[in-house]
Amino acid sequence: MEIVARLLRHLDSYYNRFVSDGAESIVARFSEVSSYACGKRVRIATTTGTYTGTTDGLEPGGLLRVRRDDGRTVPVISGTLIEAD
């Protein structure tokens, strides 16, 4: 039960931060603690194809950016993310 209470307190805190400051502070915090936000080799599988690249941070709205092996940097809107070898 204690874990649920802690989860709800954190959720409430982040929600209040989102309402008062917008998404930027939440996205910044996620970037700080995420092991996938920057520098991870990944393969992205979408409905239109598959590509590999390196994670390159988050968009202001929270979408993951990937620097593809062909040099383009794209936001990942949807797809399956697989850690690349």
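Biologist: Before we start, what makes two residues count as a contact here?

Modeller: Contact means heavy atoms within 4.5 Å. Keep in mind that this is a predicted model. Skipping neighbours within four places in sequence, valine 74 touches Tyr51, Leu64, Arg65, Val66 and Arg68.

Biologist: And what makes up the largest nonpolar core?

Modeller: Nine residues: Val27, Val42, Ile44, Tyr51, Leu58, Leu64, Val66, Val74 and Val76.

Biologist: Why is the pair glutamate 32 and arginine 29 called a salt bridge?

Modeller: The cut-off is 4 Å between a side-chain nitrogen and a carboxyl oxygen, and this pair sits at 3.2 Å, N to O, so it qualifies. Both residues belong to helix α2 (residues 23-33), 3 residues apart, or about one turn.

Biologist: Why is glutamate 32 called exposed, while arginine 29 is called partly exposed?

Modeller: Exposed needs over 50%, and glutamate 32 has 60%, so it passes. Arginine 29 has 34%, which lies between 20% and 50%, so it's partly exposed.

Biologist: How do you know that aspartate 69 and arginine 41 form a salt bridge?

Modeller: Their closest N and O atoms are 2.8 Å apart, within 4 Å, so the pair counts. It ties together distant parts of the chain: aspartate 69 is in the loop between β3 and β4, arginine 41 in strand β1, 28 residues apart.

Biologist: What about arginine 72 and aspartate 70?

Modeller: Also a salt bridge, at 3.1 Å, N to O. Through shared partners, Arg68, Asp70 and Arg72 form one network.

Methods. Residues are numbered from 1 along each chain as its sequence is written. This is a predicted model: local features need pLDDT of at least 70, side-chain atom pairs count only at pLDDT 80 or more; totals for chains, interfaces and linings use all residues. Side-chain values use heavy atoms; hydrogens and water are left out. A nonpolar core is a set of buried Ala, Val, Leu, Ile, Met, Phe, Trp, Tyr and Cys residues joined through side-chain atoms within 4.5 Å. Buried means under 20% relative accessible area, exposed over 50%, partly exposed in between (1.4 Å probe, protein chains only). Helices (H or I, at least four residues) and strands (E, at least two) are DSSP runs, numbered from the N terminus.
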